Amino acid sequence: MPKVLISDSLSSLAKEVFENNNIEVDIKTELTPQELKENIKNYDGLIVRSATKVTKDIIESGQNLKIIGRA
């Protein structure tokens, strides 16, 4: 099952939409850039708003990362 990390505050509806489509979701909104870099390897997708800055280092750390979405 694909796994997505939501790293910024979103409506609870976002989590529901993913789960209804058989996508596992974790919500971790207080990650430092270093923590995000260390954790992103566990996810297939990353959902951000404007608080999370997706840098080259974070993308390169995403070994399984297939998509980044900005709400």
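Me: What is the volume of the largest pocket?
Reply: In this predicted model, the largest pocket has a volume of about 160 Å³.

Me: Which residues lie nearest the centre of the largest pocket?
Reply: Look at the lining. Leu31, Leu36, Ala51, Thr52 and Lys53 lie nearest the centre, out of 13 lining residues. By type, the lining divides into four nonpolar, five polar and four charged residues.

Me: Is Leu36 buried or exposed?
Reply: Buried means under 20% relative accessible area. Leu36 has 4%, so Leu36 is buried. Leu36 sits in helix α2, residues 33-39.

Me: What is Leu36 in contact with, beyond four places in sequence?
Reply: Leu36 is in contact with Leu5, Leu31, Leu46, Thr52 and Ile58.

Me: Which residues form the largest nonpolar core?
Reply: The core has eight residues: Leu5, Leu36, Ile40, Tyr43, Leu46, Val48, Ile58 and Leu65. Follow Leu5 next. Residues up to four places away are not counted, and Leu5 touches Leu36, Ile40, Tyr43 and Leu46, among others.

Me: How many helices and strands does the protein chain have?
Reply: Three helices and four strands. From the N terminus, they run β-α-β-α-β-α-β.

Me: What radius of gyration would a compact globule with 71 residues have?
Reply: Near 11 Å. The protein chain has 11 Å, so the two agree. The C-alpha trace spans about 30 × 25 × 15 Å along its principal axes. Buried residues make up 27% of the 71 residues.

Conventions
Residues numbered from 1 in each chain as written. Predicted model: local features only at pLDDT ≥ 70, side-chain atom pairs only at ≥ 80, totals over all residues. Heavy atoms only, no water. 1 Å grid on protein atoms, 1.4 Å probe; cavity = no way out; pocket = protein on both sides within 12 Å on 5 of 7 lines; lining within 4 Å. Points joined across faces, edges and corners; volume = space filled by probe spheres on them. Nonpolar A, V, L, I, M, F, W, Y, C, P; charged D, E, K, R; others polar. Core = buried A, V, L, I, M, F, W, Y, C linked by side-chain atoms within 4.5 Å. Buried < 20%, exposed > 50% of the residue type's maximum accessible area, 1.4 Å probe, protein only. Contact = heavy atoms within 4.5 Å. Helix = DSSP H or I, 4+ residues; strand = E, 2+ residues; numbered from the N terminus. Rg over C-alpha atoms; globule rule 2.2 N^0.38 Å.
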